[in-house]
Amino acid sequence: MTKPSVGGLESPDLSSHDATAHESAPHVPVFAGAAREELDQLLTRYPTKMAALLPALWIVQRERGWVSEDSMAEVSDLLDLTPAYVKGVVTFYTMYHQHPVGKYFIQVCTTSPCGICGAEEVVKSLLRHTGTGDLGLTSRDGKFTVIEVECLGACGFATPVMINEEFIESVTPEKVPGILEDLA
Amino acid sequence: MGFPHPSHRQETPLLTRHFGEAEARTLDGWKKRGGYQALEKVLAMTPGEIVDIVKESGLRGRGGAGFPTGLKWSFMKPGDGKPHYLCCNADESEPGTFKDREVMRWTPHALVEGCAIAAYAIGAETTYIYIRGEFTEPLLRMERAVREAYDAGILGANAMGTGKRIDIYVHRGAGAYICGEETALMESLEGRRGNPRIKPPFPAVSGVFGQPTTINNVETLAAVPEILMKGAAWYKAMSLSNPKSTGTKLYSVCGNIRRPGTYEVVMGFPFKDFLHDVCGGALDGRKLKAVIPGGASVPIQTMEEAEATLMDYEGFAAQGSMLGSGGVIVIDDAQSMVAVIARLTRFFAHESCGQCTQCREGTAWTTKIVERIRDGHGTMEDLDTLVEIGENMTGTTICVLSDSCAVPVISGITKFRSEFESLIHGKRVHSVLTAVA
Amino acid sequence: MAEKKMVSLTIEGRPVSVPEGTSILEAAKVVGILIPHYCYHPGLPVAGVCRMCLVEVEKALKLAPSCATSVAEGQVVHVHTERALEARKGVLEFLLINHPLDCPICDQSGECELQDYTYQEGRADSRYRDPKRFNPVEDFGGDVLYVPNRCILCTRCVRFMDDVAHETVLNVSDRGDRAIIGKFEGKDLTHPWSGNVVDLCPVGALLSKDFLNKARAWELDRVASICPSCTQGCNITIETRDSQVARLKPRPNEDVNRFFMCDYGRLNYRWMNRTDRAELPLVRTEGELRSIDWDIAIHAAASLLRDARTFVLASPMLSNEALHLLSRLMQRKGGAGAFRVATGEEAPLAGVEDLALRRDRAANVNGAQMFGFQRSERPLEAMRDGDVLVIADDDLTGIAADEVARASQVIVIGTTLPGAASAAAVLLPITNFSEEEGTFTNLRGRVQRFMQARPAPGLARPSWLVLGDLLGALREQDSFYLPSDVFAKIASSHPAFSGLSYESLGMRGLPVLESETAGAAR
């Protein structure tokens with residue numbers, strides 16, 4: 001998704017989501033206390049430990065905002081998998097963030113049905129009003145990351161936009177400033 | 001209910017009847033509307049009797065393949081000593097399709113009930129509802145409904161007080177269209193990459209966790225309670241053209257249409273009336289040019305074909321396409337077909353799991369060529385290459401994603417060749433959708 | 001075991017009967033047809049993803065992946081119909097669109113299945129005119145280098161680590177055309193059997209760092225052999241360039257090592273190329289070792305041995321043939337013999353029964369025991385003062401010269417002259433394992449042949465020849481002319497070997513009689 005910065009737009013500050021800042025600190029386990037109990041409960045639903053992998057990764061992302069390599073290693077230990085295996089799974093699914101993202105992670109559907117209803121204009125409007133500069137980059141204040149996604153499954157409500165876990169239907173370029181204001 | 005619009009008089013609302021009614025989402029509200037009576041009724045029947053009724057009703061899979069549901073259930077052998085599983089495919093990701101989303105958002109208990117009935121009929125102790133990761137609201141609604149059903153004793157170790165165990169769990173996907181393919185869904189459910197499996201073995205022999213499994217689409221399962229309440233004959237009678245297509249079908253309509261939304265009509269309904277009357281036809285000042293009637297994986301129809309279509313499995317096939325998932329993408333004369341197709345192939349390239357050579361390489365290559373043509377750098381040879389690549393991608397891989405990518409390209413080049421040629425010859429007839437890509 | 005039901009079918013017009021459940025691809029091999037394939041490997045679970053092995057099966061709608069399709073009674077299979085050829089041509093074109101086509105600098109060139117099948121069935125040109133995908137080369141750790149641009153995602157390497165090594169170090173990362181083989185940061189491919197992924201890779205994507213840029217495949221001479229690095233006895237091929245051993249590769253043997261060999265054995269070959277070798281027969285005259293004719297040297301050794309009790313310090317790297325002849329030498333006058341073995345940690349390959357890098361790091365420990373040599377940490381302890389000591393290729397590491405000096409005379413029959421044996425009266429230079437032919441007996445009592453891979457240095461002679469001549473000079477017997485003659489002698493004089501011959505052993509070996517090995521093998 002990440003593309004080189006478009007000319008004319010202010011070059012974004014990448015340091016706000018620099019993964020190296022997180023690597024130096026020792027890993028604080030995600031699965032302690034309530035999260036651990038939640039995982040233990042999940043494990044009762046499946047005949048194998050491996051089946052709890054996707055749910056476990058969702059817990060990681062909810063707790064940490066992204067899935068770091070340390071978290072992958074932690075999950076692999078808990079589920080009797082190897083870190084390489086977990087990484088293979090994480091990289092298959094597009095919804096797990098492999099690096100930190102903005103406080104508001106904004107996904108815009110641009111697949112054909114939304115595309116022919118003007119989704120590109122919504123993307124442009126979002127990029128302009130969030131100041132992220134380009135797709136996949138995070139705004140200087142660390143608040144926003146905007147990406148295009150493939151079909152969000154709400155084609156009749158073009159253009160659907162997902163902000164973190166919230167689903168907003170029928171977004172037009174004009175509605176974008178209001179939506180962003182509501183977040184603040 | 002042609003949600004989000006009021007129901008059109010030509011619709012036959014069964015599944016969509018309570019869309020928009022917030023109260024119907026709750027257990028009490030659902031019971032008030034007759035919910036869970038079917039489950040109560042069938043728990044007194046034998047699994048074989050239930051399977052027979054579903055077989056007799058003519059219900060066919062609403063996920064896209066149209067396989068007879070009762071027949072699929074009959075492949076399961078309850079009591080063979082193995083654990084059995086039911087998977088509900090709620091990974092609705094086919095571009096243009098959003099009907100299951102509405103079923104789960106508005107009538108989650110209809111799905112819970114359908115799952116419980118199916119689970120009982122096939123002898124499955126455990127049901128997983130696999131919902132795509134992006135469906136946050138349907139996920140929430142389904143989780144609430146399942147919790148309510150457990151609390152009310154409808155599900156659990158002693159379902160409805162019959163001493164039978166029916167467990168239902170909601171499982172969240174994480175962003176992968178391919179997990180809507182049944183064996184990929186099972187792989188994903190097991191905690192793996194969503195790579196489709198080689199068949200055979202088929203799921204009824206070795207499905208999720210290597211055990212006998214039945215997998216059904218949301219719409220299919222949600223239709224089950226009503227069939228068992230009112231009987232196979234009643235359902236079977238709902239058929240306007242071909243007796244092999246029975247009941248009602250949900251269509252999610254999107255694109256360049258006046259009233260996009262989810263509609264429910266009887267099998268065999270004229271597509272022409274559907275598009276122009278039920279859905280309101282073209283936007284002001286525009287003319288409809290093409291329809292992709294069954295989600296992005298089915299061949300594109302010209303308006304001539306579309307208007308001659310009777311809406312059922314056989315009817316769409318007779319007019320050069322497929323019923324598919326019922327995701328109707330309407331394209332008007334302001335759109336460049338090349339740009340639409342380019343965006344579709346990009347979708348498939350993005351979603352290919354990458355296992356099979358033809359799909360991994362072919363979807364990406366196809367995208368590069370179509371985008372090049374769209375951007376005015378194509379050649380006439382590219383058109384031949386596209387068709388040949390498409391042929392090499394068809395019928396040669398483990399699953400049909402590869403075929404699906406070739407479908408819009410081949411049908412597009414066949415039916416809208418002039419649009420490709422004019423772009424190749426430097427005439428930019430359409431400038432809409434120049435794609436941020 | 002119950003007999004499996006046989007299924008009869010026709011492949012390319014050739015009738016064949018195979019056990020039920022066999023794949024079409026394997027059935028075709030039986031009638032001499034190799035259906036092109038990449039992801040399929042008989043040592044790995046079926047993936048069915050490369051789609052190269054598509055064939056036409058009569059009455060089937062679609063082309064069938066022959067690796068993943070079981071044979072059926074009466075099936076008629078066509079491998080070379082236009083439809084099947086077109087489909088495979090399509091796969092080859094797809095595989096090559098992003099391939100760098102850098103064969104001139106690729107180590108795999110000449111033994112690359114992408115080259116082979118493209119030459120055989122592929123298009124002459126490519127219709128691809130867009131930029132190619134690029135990913136940088138990555139060091140996977142161990143002996144393995146990954147060149148993703150050449151990778152065809154057959155996943156053989158991933159499946160080997162998963163299902164055979166039982167250690168998921170490799171994965172497929174990302175998906176679609178972005179997919180590549182990946183690993184976890186900090187978790188390298190250091191498994192003791194990981195080098196097999198290089199052999200399994202059908203293209204030049206996984207390379208041996210040790211072999212990197214050493215030789216082109218067509219410059220190598222190949223000889224069937226047995227890995228000498230432990231008692232497992234993995235079947236191997238020794239590959240030499242200009243008579244230098246360049247690499248060792250596993251040679252399939254279902255009964256010993258399937259398709260695999262460990263990294264330790266694979267990389268332990270440099271000693272075979274040693275240049276500081278004993279190349280001339282030497283006899284001590286006037287206090288100095290001087291080079292002399294072989295005949296004179298043999299007779300000098302024989303005269304020392306004629307009436308004396310003999311103690312033999314043997315190497316467990318020697319062949320059965322040499323050990324047998326040595327045992328006869330030592331038994332002549334009631335002598336004795338011993339050997340010692342270097343040891344290391346055992347490293348099993350989890351997914352293959354009874355396959356491991358064994359603790360004993362020598363090829364013929366079992367043989368040495370069977371021929372009556374005592375295993376000992378301090379092998380010279382059993383030597384009596386005044387014995388004639390024959391040092392048969394033990395390098396005497398850790399053995400002091402004064403221990404050796406307890407012997408009345410020292411004869412070295414070896415590849416080198418060890419410092420601690422510098423007082424030896426005679427040195428008979430022999431060839432090392434890669435320079436001669438012979439057999440080893442592995443830890444399960446399997447006798448396996450190895451062939452000569454490189455010429456002898458200087459005037460060195462094969463161990464069996466030297467020892468045979470020595471016995472001849474002692475009038476024990478006539479000389480041997482071939483190693484097979486020695487083996488025939490073994491077969492006739494040792495019950496455990498009875499009935500075996502070089503011919504019956506073939507290149508896969510046979511077990512010695514079970515009852516005779518029970519003591520030695522365990």
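1. In chain A, 64% of the contacts between residues at least 6 apart in sequence join residues at least 24 apart. This holds for a predicted model, and the points below should be read with that in mind. The chain A secondary structure amounts to eight helices and four strands, arranged from the N terminus as α-α-α-α-α-β-α-α-β-β-β-α. Of the 184 residues in chain A, 56% are buried.

2. Helix α4 of chain A, residues 69-78, has A:S71, A:M72, A:E74, A:V75, A:S76 and A:L78 as buried residues. These buried residues pack against α2 (34-43), α3 (53-64) and α5 (83-92) of chain A. Just after α4(A), A:D80 adopts a positive phi of about 55°.

3. The largest nonpolar core comprises 235 residues, and the members that touch the most others are A:F31, A:Y93, B:W73, C:F160, C:I181 and C:F260. Helix α6 of chain B (residues 108-122) makes the greatest contribution to this core, with eleven residues. Apart from this core lies another of 53 residues, including C:V312, C:F371, C:V388 and C:I490.

4. Which residues does A:Y93 touch, not counting those up to four places away in sequence? In chain A there is A:L54; in chain B the residues are B:Y130, B:A174, B:G175, B:A176, B:C179, B:S188, B:R192, B:R193 and B:G194; and in chain C there is C:R175.

5. The interface of chain B and chain A brings 59 residues of chain B into contact with 45 residues of chain A. About 4,100 Å² is buried between the two chains, 60% of it on carbon and sulfur atoms. Four salt bridges are found across this interface, and 24 residue pairs are in polar contact. On the side of chain B that touches chain A, at least two residues each come from α5 (99-106), β2 (126-131), β3 (167-172), α8 (182-189), β5 (248-255), β11 (327-332) and α14 (337-351). Helix α14(B) gives the most to that side, with seven residues. The residues there divide into 30 nonpolar, 16 polar and 13 charged.

6. B:R101 and A:E169 meet through their side chains in a salt bridge, at 2.7 Å from N to O. Both residues also belong to a network of salt bridges that links A:E169, B:R25, B:R101, B:E102, B:R105, B:E137 and B:R141.

7. Over all chains, the structure holds 87 salt bridges. One joins B:K289 to B:E419, with the closest N and O atoms 2.7 Å apart. Because B:K289 lies in strand β8 (residues 288-292) and B:E419 in helix α18 (residues 417-424) of chain B, the pair ties together parts that are 130 residues apart in sequence. Both B:K289 and B:E419 are buried.

8. In chain C, the side chains of C:R222 and C:E239 form a salt bridge at 3.2 Å, N to O. The pair links strand β11 (residues 221-226), which holds C:R222, with strand β12 (residues 235-241), which holds C:E239, 17 residues apart. Are the two partners buried or exposed? C:R222 is partly exposed, with a relative accessible area of 41%, whereas C:E239 counts as buried at 4% relative accessibility.

9. A further salt bridge joins C:R290 and C:E286, whose closest N and O atoms are 3.6 Å apart. Here C:R290 is partly exposed, with a relative accessible area of 37%, and C:E286 is exposed, at 76%.

Methods
Residues numbered from 1 in each chain as written. Chains lettered and ligands numbered in written order. Predicted model: local features only at pLDDT ≥ 70, side-chain atom pairs only at ≥ 80, totals over all residues. Heavy atoms only, no water. Core = buried A, V, L, I, M, F, W, Y, C linked by side-chain atoms within 4.5 Å. Buried < 20%, exposed > 50% of the residue type's maximum accessible area, 1.4 Å probe, protein only. Contact = heavy atoms within 4.5 Å. Buried area = accessible area lost by both parts, 1.4 Å probe. Polar contact = N/O pair within 3.5 Å; in protein donor to acceptor, adjacent residues only side chain to side chain. Nonpolar A, V, L, I, M, F, W, Y, C, P; charged D, E, K, R; others polar.
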